[in-house]
Amino acid sequence: MTKTVLITGATAGIGAATARRFAREGWLVVGTGRRRERLDALAAELGEAFHGLDLDIRDIEAIPAAVDSLSERFRAVDVLVNNAGLAPPMQPMQEADLDASLNVVQTNISGLIAITRHLLPGLIERKGAVLNLSSVAATYPYRGGAVYAASKAFVRQFSLDLRCDLHGTGVRVTSIEPGMVETDFTLVRTGGDQAASDALYAGMDPMTGDDIADTLHWLATLPPHLNINTIELMPVSQSFAGFTVAREGATA
Ligand code: 8X3
């Protein structure tokens, strides 16, 4: 039987790659996003398998009506991919813009909770799966990442606790925790500075949206008795920097 995946934030990056991957494998794909022209472009590319749903995930009151407006063909969601998310410009908290910080909370946390809550009864009925995009930032702190990293730590812990709530239902939940992936994500994080974004990836070999889409498809098609709780991925060229010490008399 044909299965249905709903992917939030499907208009770019990991979300768009995931929409392509699932459509290619014969799934019905609902992709949510704010940019209608990008949803239309995906629909033109993927054809009847794809339905673009206008939704700003921060608008939590609009979520139930938007999801319930899906036609019968697309309404029976088997797998929810909570991908919509963003990072504010990398700034230490003492200099960060408060609105940009709260925007992250509304998108990465409130929106994710609201759409998950709305879809859970159907996911339980179909013994489906919730695949949540967290980040290595959930585990490894770095300067300028406080709100973003904390939001991703929320996603990781939410995923683990959701497993407890869903115990016995057959619904699977995974926290997917990637490191550096080359997408528009970094362009948002650098405040739209293409040169700064390019510099982050210069001379390394980052993961791609397709790498993460492959992982998501693999998770969605595992045998039903198997749950991957968390999965952490990094490009080989990214690793860990360790602790730092502030010394008297030093400037940084
Ligand atoms: C972002 C991960 O490594 O690019 O989620 O900061 S990293």
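I call a crossing left-handed if the near helix is turned anticlockwise from the far one by less than a right angle, and right-handed if clockwise. Helices are DSSP runs of H or I with at least four residues, strands are runs of E with at least two, and both are numbered from the N terminus.

I note that this is a predicted model, in which local features need pLDDT of at least 70, side-chain atom pairs count only at pLDDT 80 or more, and totals for chains, interfaces and linings use all residues. Residues are numbered from 1 along each chain as its sequence is written, and side-chain values use heavy atoms, with hydrogens and water left out.

**Entry 1: helix packing**

I looked up α1 (residues 13-24) against α9 (residues 209-220): their axes come within 8 Å and cross at roughly 50 degrees. Axes are lines fitted to C-alpha atoms, for helices over the stretch in contact, and angles run from 0 to 180 degrees between N-to-C directions. I count angles under 35 degrees as roughly parallel, over 145 as roughly antiparallel, 65 to 115 as roughly perpendicular and the rest as oblique. Helices α1 and α9 are therefore oblique to each other, and their crossing is right-handed.

I then took α1 with α2 (residues 36-46), whose axes come within 11 Å and cross at roughly 25 degrees. That makes α1 roughly parallel to α2, in a right-handed crossing.

For α5 (residues 98-125) and α6 (residues 146-165), I found an angle of about 15 degrees with the axes 8 Å apart. These two, α5 and α6, are therefore roughly parallel, and α5 passes α6 in a right-handed crossing.

**Entry 2: ligand site**

I listed the residues around the ligand (a heavy atom within 4 Å); among them are Val136, Tyr148, Phe185 and Gln238. Ligand oxygen atoms lie 2.6 Å from a side-chain N or O atom of Ser135, 2.7 Å from one of Tyr142, and 3.3 Å from a polar side-chain atom of Arg189.

Terms used: A polar contact is a pair of N or O atoms within 3.5 Å; within protein, one must be able to donate a hydrogen and the other to accept it, and residues adjacent in sequence count only if both atoms are side-chain atoms.
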